Amino acid sequence: LTVFLIGYLSVDQPPIVYISIISAIVFVTITVLFLRNINIAIPVLIILLPIQYLILEILTSKYNLAVVTPFDIFTVSAIICLFIYKSTAKDRTIILKEKTGPGYLSLLLFALVAFGILSVMWSPNIIHGLSFCIRLILNYLIYLLLVVLLKNQGDVLRAIKTLIFTTVMTAATMIVSILPIDLLNIKKTYFLTKYLSLRFFFETYQLRASSIMETHMAVTFLTFGVLFSMGLLSQSKGKKEKILLSLIIIFLILSALYTKARGPIASMLVAILFLIFAMKNFRTYFFRNLYLFALCFTFLFGIFITTSSYLTAIIKPYLPTAYYEGEHSFSDRLEYWETAYNALKNSDAYIQGLGAGGATYYLYPVLHTHNICLSIFFDLGLIGLVLFFILISISMTKLFLTIRSLKEGFTKAMLLSTFGCILAIGLASLVDYNYNFYLLWFIMGLGTAIYRYAASIPKESLSNTMSIN
């Protein structure tokens with residue numbers, strides 16, 4: 001039927017017809033696979049996680065553009081399939097009725113999201129606010145999918161291995177982006193309607209590695225791969241496993257250096273040092289491992305400096321005269337925060353905030369507030385900020401107490417890796433991102449799923465390890 005349909009429409013049809021047909025086929029196929037085995041939804045979504053430069057752009061107003069990625073589409077698809085799957089599976093366990101983590105924490109998180117959605121009522125621009133709320137809902141769905149579908153150690157391990165594989169593929173595209181290769185320098189835009197377009201771009205000849213997602217996000221994503229690889233490395237027994245994981249860590253760190261994103265790279269290094277100290281298998285030979293890491297990083301930094309200078313000399317003649325290489329400075333961020341705060345003060349909205357997306361509306365064309373805590377305060381006021389700090393305080397306390405009570409093993413290593421990821425995002429978020437940062441919601445969901453698994457198994461089994469083969 002597909003071949004017939006494409007053949008029938010091949011006469012005098014624009015390229016967008018083929019794009020639409022192929023997209024529909026892929027979407028239906030993935031949906032069928034989700035219905036056949038809902039457990040593959042998480043690996044598929046993790047693989048789609050970094051694909052942020054294949055986007056459907058919707059012009060919602062003169063100055064507002066809503067963006068939809070494949071990850072967003074398949075998140076909704078997975079939620080629908082999960083609902084259908086469990087509604088028709090009368091003889092199976094209804095996992096939707098299981099706890100999605102500590103009850104009061106889920107309630108606090110839901111309250112924060114619900115207040116964010118409610119705040120669209122006083123947002124300075126209703127269209128922008130609705131767009132921001134839809135993104136917030138999608139992020140919450142990511143969290144729910146991870147918490148509901150990752151039920152045991154096998155599911156968690158599969159998700160982590162998929163995550164590491166995806167970060168390696170992302171790192172490979174980052175290396176390609178700094179090379180002078182014309183063939184892979186792709187910029188395509190297809191206008192479906194006046195207000196709807198499909199856009200894909202992957203740029204080479206870059207002075208700062210950019211991959212298929214924004215540079216700072218890419219480094220944070222690679223940080224996840226590094227930290228979970230370290231977690232698996234601490235539990236691996238075979239020599240081949242250790243060599244493979246060590247090479248992955250080295251490759252991810254080197255790829256991150258080519259982004260020249262100072263904040264996220266510094267956060268990654270702090271999180272690595274935290275794991276070297278926190279994981280017993282690394283801490284046993286702490287000074288030796290610290291020395292090896294310092295030596296390895298110095299070597300990688302030397303490779304980066306040497307090759308970066310060489311590539312810059314080759315690429316610069318092809319760049320526009322007004323090309324800007326640097327990052328926004330801290331003074332720029334102070335200016336953003338002052339602008340958002342003045343809008344908050346002028347609106348006298350300290351209690352309830354400016355509303356969903358309010359700060360980014362006043363900061364246009366700057367994409368976000370460059371600080372997660374301040375973005376909550378500006379948008380959701382003191383109410384949202386108090387809810388957020390209560391949520392974070394209780395979550396970190398529960399996570400710390402659980403890690404402390406566990407014996408050394410797979411579960412403890414994965415929780416420590418999760419804590420390292422949260423630490424890295426927390427440090428980077430001091431000068432970047434906002435509360436609608438989807439990787440933050442992803443790691444919250446993954447961490448909650450691992451926590452649920454740790455709380456569900458007998459204490460005498462907590463020290464058991466699993467082979468990563």
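What is the mean pLDDT of the protein?

**Model and confidence**

The mean pLDDT (the predictor's confidence in each residue, from 0 to 100) of the protein is 82, and 86% of its residues reach 70 or more. This is a predicted model, in which local features need pLDDT of at least 70 and side-chain atom pairs count only at pLDDT 80 or more, while totals for chains, interfaces and linings use all residues. Residues are numbered from 1 along each chain as its sequence is written, and side-chain values use heavy atoms, with hydrogens and water left out.

Confidence is lowest in helix α1 (residues 2-9), with a mean of 63, and highest in helix α9 (residues 239-257), at 93. Over residues 93-102 the pLDDT stays under 50.

**Overall architecture**

The protein contains 17 helices and 4 strands (DSSP runs numbered from the N terminus: helices H or I of at least four residues, strands E of at least two). Of its 469 residues, 50% count as buried, that is, under 20% relative accessible area with a 1.4 Å probe, protein chains only.

The accessible surface comes to about 22,700 Å², of which 69% belongs to carbon and sulfur atoms (Shrake-Rupley method, 1.4 Å probe; for residues, only the protein chains shown count as cover).

**Nonpolar surface patch**

L35, V76, I80, F83 and I84 form a nonpolar patch on the surface, with about 420 Å² of accessible area together. Such patches join nonpolar side chains (Val, Leu, Ile, Met, Phe, Trp, Tyr) within 5 Å, from residues with over 30% relative accessible area and no salt bridge (a side-chain nitrogen of Lys or Arg within 4 Å of a carboxyl oxygen of Asp or Glu). Helix α4 (residues 70-87) gives the most to this patch, with 4 residues.

Conventions: Patch = residues over 30% accessible without salt bridge, like charges linked within 9 Å, V, L, I, M, F, W, Y side chains within 5 Å. Contact = heavy atoms within 4.5 Å.
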